[in-house]
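I opened this model to go through its sheet, its helix contacts and its backbone exceptions. My entries follow in the order I looked things up.

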Amino acid sequence: MKILIVEDERKTGDYLSQGLIEAGFVTDLARTGTDGVHHALHADYDLLVLDVMLPAVDGWEVLRRVRAAGKTMPVLFLTARDQVDDRVKGLELGADDYLVKPFAFSELLARVRTLLRRGTTREPERLHVADLELDLLRRRATRAGRRIDLTAKEFALLELLLRRQGEVLPRSLIASQVWDMNFDSDTNVIEVAVRRLRAKIDDDFEPKLLHTVRGMGYVLEPPEAA
Ligand code: CA
């Protein structure tokens, strides 16, 4: 597990680096924000320990640049007591946790281990197959860049099909996942919904992505897999 520490205070940086090495981690130490961004973008780290108060490029800016570059590793912010109110800003920018200085090393280690256990795999914000994309945060669907208006149920249906793309989903599964209906309910509802969804995502486009597998269910997949 490799950790990047960005901390301008020499003593704190050395202390953190030493402690984490003794705890079995590999560490890199950056003493400026600029150096921190450079490291974060050019190597793979499992975690970032980031001081907020850095000269010139501060911790917020480091975090912003790291996230803008698509890096999703967890970030633990180190903040002074009088900056605690700023923690919301850090969490909004995509920090995963924060620790108020001064802190006991054991506390830092516990947070680090928790964040690493939680892992770097965040929920994806977008799902896609071929040129069809579903933006889960904005609740928006597009195909070939064109906006597609979906009802809430159609959105849920498409989300399920995208999450399990390439897999034939039986009507009963779709019924339980999207309509919260049980197995023997009227599956005509699903056929109608699939037909409407197909009209929106496939009718005006090539190649077709949503397929009916007779007697089995539906599958959403890119053409090369069909
Ligand atoms: Ca500092």
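**Backbone and sheet notes**

I started with Pro207, which lies in the loop between α8 (188-201) and β10 (210-213). The model is a predicted one, and in it the peptide bond from Glu206 to Pro207 is cis, with omega near -5°.

Pro102 sits in the loop between β5 and α5 (105-118).

Next I checked phi at Ala56. Ala56 is not a glycine, yet its phi is positive, about 60°. I place Ala56 in the loop between β3 and α3. I noted these entries because most residues other than glycine have a negative phi, and most peptide bonds are trans.

I turned to the sheet. In what order do the five strands of the open sheet lie? I read the order as β2-β1-β3-β4-β5, with parallel pairing. The edge strands are β2 (26-30) and β5 (97-101), each of which pairs on one side only. On average, neighbouring strands of this sheet are turned by 20° against each other, direction ignored.

I went through two of the pairings. β1 and β2 pair in the parallel sense over five bridges. Ile5 has Leu29 in β2 as its bridge partner. Strand β3 (residues 47-51) and strand β4 (residues 75-80) run parallel and are joined by four bridges. There I found Val49 opposite Leu76 in β4.

**Helix notes**

I looked at where α2 lies. Helix α2 (residues 33-42) lies across β1 (2-6) and β2, and runs at about 160° to β1.

How do α2 and helix α3 (residues 59-68) cross? Their axes come within 9 Å and cross at roughly 20°. Angles under 35 degrees count as roughly parallel, so α2 is roughly parallel to α3. The crossing of α2 past α3 is right-handed.

Which residues in α2 meet α3? I listed Gly33, Val37, Ala40 and Leu41 in α2, which meet Val62, Arg65 and Val66 in α3. By class, I recorded five nonpolar, one polar and one charged residues in the contact of α2 with α3.

Terms used
Residues numbered from 1 in each chain as written. Predicted model: local features only at pLDDT ≥ 70, side-chain atom pairs only at ≥ 80, totals over all residues. Heavy atoms only, no water. Pairing = 2+ DSSP bridges. Helix = DSSP H or I, 4+ residues; strand = E, 2+ residues; numbered from the N terminus. Axes fitted to C-alpha atoms, helices over the stretch in contact; angles between N-to-C directions. Contact = heavy atoms within 4.5 Å. Parallel < 35°, antiparallel > 145°, perpendicular 65-115°, else oblique. Left-handed = near helix turned anticlockwise from the far one by under 90°. Nonpolar A, V, L, I, M, F, W, Y, C, P; charged D, E, K, R; others polar.
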